[in-house]
Amino acid sequence: MIFSELGLSEPLLRAISEQGYEIPTPIQAQAIPAVLSGRDIMAAAQTGTGKTAGFTLPLLHRLSSGHRASANHIRALVLTPTRELAAQVGESVRDYGAHLPLSSAVVFGGVSINPQMMALRRGVDVLVATPGRLLDLYNQNAVKFTQVEMLVLDEADRMLDMGFIRDIRRILDLLPKRRQNLLFSATFSDDIVALTKGLLHNPLQISVSPRNAAAPSVTQSVYMVDKTQKTALLSHLVRSNQWEQVLVFTRTKHGANRLAEKLERDGVTAAAIHGNKSQGARTKALADFKQNNIRVLVATDIAARGLDIEQLPHVVNFELPNISEDYVHRIGRTGRAGATGEAISLVEPEEYKFLQGIEKLIKQKLPREALPVFSLAPVRPRTEEEVKADAEAERPRRPQHRPANRPTKSQKTSNRQGAGLPPVKRAEGSAASKPRRRRPNKPQAVA
Ligand code: AMP
């Protein structure tokens with residue numbers, strides 16, 4: 001199967017070839033013709049399967065034959081759980097739509113709302129949004145839904161996990177009844193199935209990566225190691241193998257910060273990315289990593305969700321996740337779309353039970369590697385300031401870089417949501433129902 005057989009228009013095929021894609025991935029081969037024919041779809045697909053192009057390409061194709069959006073209106077809405085995913089989907093929309101006269105914008109919480117309101121003023125054909133901020137914009141009359149023709153729920157299971165169900169239901173109520181719906185989710189829990197009832201009409205069901213199946217192109221292995229030796233071992237592995245891009249997972253934000261600091265002290269360039277970091281710091285860390293300015297990106301599960309880093313060669317579990325499914329998500333960061341990758345887990349005796357759970361889930365025993373000879377790097381004791389800074393970073397979400405204009409309540413809510421923290425109870429309902437006073441913040445670029 002080649003792309004030109006799927007029914008996509010020439011401007012899209014051109015954009016695809018500019019991306020260097022030659023063969024559609026299985027989800028693209030199934031989803032693209034179905035979406036082009038106007039059908040609803042319900043797809044079980046994780047990040048790394050090419051799902052974004054799977055919905056974006058036919059969506060752009062369909063929108064290109066119609067009237068442009070009027071002022072403040074949108075024609076297609078893509079909802080995502082996190083700002084990182086929203087930004088990445090927005091980037092795909094721009095890349096694939098490069099030769100089409102369609103407009104797009106990305107809106108998410110945690111940044112000033114004003115530039116987003118400006119971006120919507122003339123209407124946009126494709127809006128990529130996180131639910132909380134979208135409702136804020138709706139409440140301020142910045143966005144109107146009556147021209148919506150297509151809806152995409154991306155990573156629907158994550159949106160439910162993050163407590164967005166009420167926001168999503170409220171948004172669904174506001175959309176025109178006649179529209180095409182595309183739902184993507186890594187897993188199909190009872191909650192997701194309940195959500196699809198009444199949302200999807202005669203959907204084509206597509207499943208490309210069976211749940212809990214690790215990508216076969218990923219080599220997995222385990223080092224049984226004492227907790228106190230983990231940092232030195234990691235640093236040794238990075239240096240001796242000359243790894244240039246390593247994504248390392250820790251269980252906590254605190255752990256992520258500490259590890260990045262220790263690696264830096266040990267001469268390995270590293271940065272931590274997690275929900276307590278400001279949006280600017282997260283974007284910068286990711287950009288530095290993508291441009292090979294830093295070798296190690298240390299992330300928590302939530303922060304890593306949806307990160308699109310092409311062909312990431314190495315993933316290290318500095319600590320095993322206590323939820324076995326998260327292991328599969330983590331190692332899904334490597335060996336993506338045909339590339340090969342390596343996933344290494346550093347397992348201390350106390351984590352052995354997690355390892356057993358993971359092996360049971362993936363139905364395979366992971367090979368144990370012999371510990372290489374490495375020296376324990378001398379680690380300077382942490383200063384009191386560093387200890388305090390870490391403790392501060394672990395506290396529930398409060399913007400670290402509070403600008404002169406203090407964030408409004410809804411911005412705080414959006415920060416929590418963007419950070420993957422459970423939303424504050426009040427915010428869920430009231431974000432939807434009560435317009436709130438806002439103060440202008442420093443303008444920020446919107447996509
Ligand atoms: P996604 O699952 O949408 O996050 O996509 C995973 C990665 O696969 C992204 O980096 C895409 O750029 C890449 N990709 C998507 N479709 C293709 C394709 N047909 N051939 C090669 N790479 C692709």
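In which helix does Thr 231 lie? Thr 231 lies in helix 10, residues 230-240. Before going further, a word on the source: this is a predicted model, where local features need pLDDT of at least 70, side-chain atom pairs count only at pLDDT 80 or more, and totals for chains, interfaces and linings use all residues. Residues are numbered from 1 along each chain as its sequence is written, and side-chain values use heavy atoms, with hydrogens and water left out.

Helices (H or I, at least four residues) and strands (E, at least two) are DSSP runs, numbered from the N terminus. Is Thr 231 buried or exposed? Thr 231 is buried, because its relative accessible area is 12%, and buried means under 20%, exposed over 50%, partly exposed in between, with a 1.4 Å probe and protein chains only. Leaving aside residues up to four places away in sequence, Thr 231 touches Leu 259, Lys 262, Leu 263 and Phe 318. Contact here means heavy atoms within 4.5 Å.

Now the whole chain. The protein chain has 18 helices and 14 strands. It has 447 residues, and 55% of them count as buried. Of the contacts between residues at least 6 apart in sequence, 77% join residues at least 24 apart. The chain exposes about 19,500 Å², with carbon and sulfur atoms supplying 52% of that; the areas come from the Shrake-Rupley method with a 1.4 Å probe, and for residues only the protein chains shown count as cover.

Next, the first sheet. Strands pair if DSSP finds at least two bridges between them. An open sheet of 7 strands runs in the order 3-4-2-5-6-1-7, with parallel pairing. Strand 3 (104-107) and strand 7 (204-207) are at the edges, each with a single partner strand, so one side of each has no neighbour in the sheet. From one strand to the next the twist averages 15°. Axes are lines fitted to C-alpha atoms, for helices over the stretch in contact, and angles run from 0 to 180 degrees between N-to-C directions.

Look at strand 2, residues 74-79: 6 of its 6 residues are buried. Strand 2 pairs with strand 4 (residues 124-129) in the parallel sense over 5 bridges, and Ile 74 stands opposite Val 124 there. Strand 2 is also joined to strand 5 (residues 150-153), in parallel, by 4 bridges. On that side Ala 76 stands opposite Met 150, and Leu 77 stands opposite Leu 151. Helix 5 (residues 114-121) packs on this sheet, touching strand 2, strand 3 and strand 4, and its direction makes about 155° with that of strand 4.

The other sheet is also open, with 7 strands in the order 10-11-9-12-13-8-14 and parallel pairing. Its edge strands are strand 10 (270-273) and strand 14 (368-369), each pairing on one side only. Strand 10 and strand 11 (residues 296-299) pair in the parallel sense over 4 bridges, where Ile 273 has Ala 299 as its bridge partner.

Last, the cores. A nonpolar core is a set of buried Ala, Val, Leu, Ile, Met, Phe, Trp, Tyr and Cys residues joined through side-chain atoms within 4.5 Å. The largest has 39 residues, and Leu 57 and Phe 184 are among those with the most contacts inside it. A second, separate core has 35 residues, including Phe 145 and Met 162.
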